[in-house]
Amino acid sequence: MKKLLLAMLLLLSAFLSPAQDLKYYLPDSVAYNPAIPKPKEVIYHEVGEWHITHDRLVNYMKAVAAAAPDRIKFETMGLSYESRPQVLLIITSPKNHQRLEEIRQQHVQLTDPARSASLNTDNMPIVVYIGHSIHGNEPSGANASLLTAYYLAAAQGKQIDDLLDNAVILFDPSFNPDGLQRFSTWANQHRSKNLVSDPNSREFNEVWPGGRFNHYWFDLNRDWLPAVHVESQNRLKWFHAWKPNILTDHHEQGSNATFFFQPGVPSRVNPLTPDKNQELTAKLGKFHAAFLDRIGSLYFTKENYDDFYYGKGSTFPDVQGCIGILFEQASSRGHLQQTANGLLSFPFTIRNQFVTALSTLEGAKALRKEFLEYQRDFYKRAADRAAAYAVKGYVFGDKNDKAKTFYFAEMLKRQQVEINYLPDSWKDGEFGKGSAFMVSLNQPQHSLIRAIFEKTFDYKDSLFYDITAWTMPLAFGLPYNEITATLPAMGPKVETLNMPKGGIEGGKSEYAYLMEWDELYAPAALNELLNAGLIVKVATNKFEIPVSAGNRKFDYGTILIPVKLQKESSETVAVMISAMAEKYRLKVYAIPSGNVLSGSDLGSSRFAIISKPNIAMIAGPGVNATDAGEIWHLLDQRMNITAAHLEPSVFNRVEMNKYNTLIMVGGNYNELNKDKLKAWVQSGGTLILTEEAINWAVQNGISDVKFKRAKAPVDSTQKLTYVDREQVDGAQQVNGAIFGAEADLTHPLAYGYNQKTISLFKANRVFMEKSKNPYATPFYYGSNPLQSGWVSRENKDAVKNSAAVIVNTVGSGRVVNISDNPNFRAFWLGGSKLFMNAIFFGRMIDAASGRAEE
């Protein structure tokens, strides 16, 4: 009894202790090389005593690599947005390091069916990618990386030698350098000498936007597939260079939980993931269970988390012959927090992450050959999957927007998808040579291609951890077709992608220049012209006019730069426009005369002057940070447009006259001065609202929108069991589906679109009724708008025949209500034109078209 009591006290003290030396974490049966620096010798504190900052984390990784060059190779993958290094340690045995490139090339051959059959895996090392803390405020993973790096560098004996002989470990200590730095600063600056465990304390309640996100407030754990951000792009180069067999993703969850490891919910596994993947995940899970049992840590599996969206770090590998493993540790958030399970210390959370890194490596060693054979078989069977699938390939491209086409093709090539040019024999006029590409499904990345292109309507479950659809051509707003007949002969394979060049067609003009609005970067070019002080107009009518190459038809939204109205000389104007066209890869047409063949002459009032937008966005407490970040990224990274970010308290006290455009995304705006906002709109401001911001504006008399209500999911007289509640209520959440909105292509908000149906992403229950004013609803959902994804029958009925966009006239101003998120996760380029139109053309929408009608 005394021994049991002593053991319990030791365990309890370890659970509560605010700081621990390495003995608390490391296996005590292992000898360690004294020449390898311990973490404290480099970072100046014990692991878990303080939150590791990214700079000190990198310093330790450099130090341990320098001390153990026979085991560790230090690599810099790239830099984050804030210029912090993304580092990678390649850890293996000395003999493997001597032939590291040979091992890499042989391993990658496993994913090439044409070369994999002859490979002997008997002595082939398994490749394991261990990654930490993609959410910066889930820090136990990154802090545990200090321990794992030390262990792999310093441990001695047969066990570690066998592991390193049989594995190549790609060790990524911080998936999200900027977020980790932001959060560690917060947690450390609020740490008391006598640790405060009250969850209400400031230490546990970060200020907006928190450390979860990267610089642009994005969740990088949703970016593995689209790879919009530099952190993802840097990481993917190494993922594809090595094609790991296992990838671990160390996260944190709510403080009142315990520890989760996969498998996740069985009914929420993406159908493209093979059953063998889940079988191997379960086999590896037995090692996690055994290691956690050994230290007495509670855990759970097959609940809460799923494997459906392939943009997540633990699911992305599953469609590429790799096994992704999600770890979720209950978060202490600070250093010591009171939870439903008692006091939770930061060192305790770190130890669980470290132990499961070791369990992963032990399982990888024991199951090495089975994982290698699975990877080879996954790619070998790609041809069989292609033969059995009705669709044989895809053709995609937009001859009116070559930049979007380029970025889509670039995404495919980044993910190792082979694409081809159209053949000379291609006849389909919708897709032109030079502006479209073909993709065959009969290639190693067959499953990933389907994950990118497929529309999904059939699901085993109605609850989802993340989005239910992401059909990428729809997201990009690209025309594409399935090829279901025999795949025709394709053009040459695309080896190198090049953005189309821009310039002036027809040389210098003394009269005018025209720029079409279809291209992705046309708003960036317009902004540059306005910043340069040029007078610029937009066509509100179609017209045809001679250009140097013959007669050309121009559409609504065409940009006109009249030469003689400018303060600058025609030579200077030509230089400015040429530089702009080359920078943004746009074609600009020199026009010698204003006399058109049809439509409106260039001097017509149908060409409206464009005023320069001075933009502010409400940001800060209550605002959806990822929605705001998507707009910040769109304006800053893509369009080179500046926008002020105003917290509600700042909005309330500053003069708003300097701004003519204000953006509000989904969120809670209870602290915002609604009377001041309404007066600003009435004075001529353009207010752009997305998602739930519309509800707030309506409730406060700023926007005039009526809402549809989804029907109740169950009859009030129906008897249900208590355990049905989660399924019934959860099914009414709109986690994310794609709907096609019908657009009035003559409306200023639709300028630049050539397809009447625009794909928008819906992840909310904002269902607007169409306006009684027939001109106020330029985008609406028809009777069957669902294009891909899952929504309940009740929500689907509510979307039908609802408004996607409504324009209100409020005094001299305009309110643009966009019910959904046109900029979702920054890869929804199909909606960015709508959003940029609201910025540049919102104020010129005819007042009568936005007035409410009784």
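Which residues point one way from β9 and which the other way?

A: First, some ground rules. This is a predicted model, where local features need pLDDT of at least 70 and side-chain atom pairs count only at pLDDT 80 or more, while totals for chains, interfaces and linings use all residues. Residues are numbered from 1 along each chain as its sequence is written, and side-chain values use heavy atoms, with hydrogens and water left out.

Now the strand. β9 covers residues 323-330. Helices (H or I, at least four residues) and strands (E, at least two) are DSSP runs, numbered from the N terminus. Ile323, Ile325, Phe327 and Gln329 point one way from β9. Gly324, Leu326, Glu328 and Ala330 point the other way. In a regular strand, side chains alternate between the two faces of the sheet.

Buried means under 20% relative accessible area, exposed over 50%, and partly exposed in between (1.4 Å probe, protein chains only). In total, 8 of the 8 residues of β9 are buried, and the strand is mostly covered.

Next, the partners. Two strands pair if DSSP finds at least two bridges between them. Strand β7 (residues 246-253) pairs with β9 in the parallel sense, over 8 bridges. There, histidine 250 stands opposite phenylalanine 327 of β9. Strand β8 (residues 259-261) pairs with β9 in the antiparallel sense, over 3 bridges. Here phenylalanine 259 stands opposite glutamine 329 of β9.
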